[in-house]
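Hi everyone, thanks for making time.

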Amino acid sequence: MMVIVVENAPPRLRGRLAVWLLEIRAGVYVGQYSRRVRERIWSDVEDLIEDGDGVMAWTVPTDQGFDFATVGHNRRMPVDFDGFKLVAFAPRTPDAEEP
């Protein structure tokens, strides 16, 4: 299984994803494809994301059970920690809004 979540994605990318995957919520796409197709879909996301950002998670036969990749500007960055992929947060930039 694979899941792709995009934010601020252009309509062209959202349409392309909807052709291959089921959009179960706005910007959340799921599907079950081979590695080759998954990599092709992710290549489209990387090429078409523009100013948006996205993450893709998919199942793999490891202890963690999944892997993920990110694209675009996001504070969350994947970090390998002793064989496990975790998420680290980049520091806030001075121009970022406070919640």
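One term before we start: a contact here means heavy atoms within 4.5 Å. With that in hand, look at the contacts in the protein with a separation of 6 or more: 38% of them are between residues 24 or more positions apart. Please keep in mind that this is a predicted model.

Now the overall layout. The protein has 2 helices and 7 strands, and along the sequence they follow the pattern β-α-β-β-α-β-β-β-β. Along the principal axes, the C-alpha atoms fill a box of roughly 40 × 35 × 20 Å. Of the 99 residues, 29% are buried. The accessible surface is about 7100 Å², and carbon and sulfur atoms account for 54% of that.

Let's turn to the aromatic rings. How many aromatic pairs does the count come to? There are 2 aromatic pairs. In one of them, the ring centres of Trp20 and Tyr33 are 5.7 Å apart with the planes at 75°, so this pair is edge-to-face; the cut-off for that label is over 60 degrees. Trp20 sits in helix H1, while Tyr33 is in the loop between strand S3 and helix H2, so the pair ties together parts that are 13 residues apart in sequence.

Finally, charges. Lys85 lies over the face of Phe68, 5.2 Å from the ring centre. Across the protein there are 12 positive and 16 negative charges, and their mean positions are 6 Å apart.

Terms used: Residues numbered from 1 in each chain as written. Predicted model: local features only at pLDDT ≥ 70, side-chain atom pairs only at ≥ 80, totals over all residues. Heavy atoms only, no water. Phe/Tyr/Trp six-rings, centres within 6.5 Å; stacked < 30°, edge-to-face > 60°. Helix = DSSP H or I, 4+ residues; strand = E, 2+ residues; numbered from the N terminus. Lys NZ or Arg CZ within 6 Å of the ring centre and 35° of its normal. Buried < 20%, exposed > 50% of the residue type's maximum accessible area, 1.4 Å probe, protein only. Areas by Shrake-Rupley, 256 points an atom, 1.4 Å probe, with all protein chains shown as cover. Lys, Arg positive; Asp, Glu negative; His and termini not counted. Charge placed at Lys NZ, Arg CZ, Asp CG, Glu CD.
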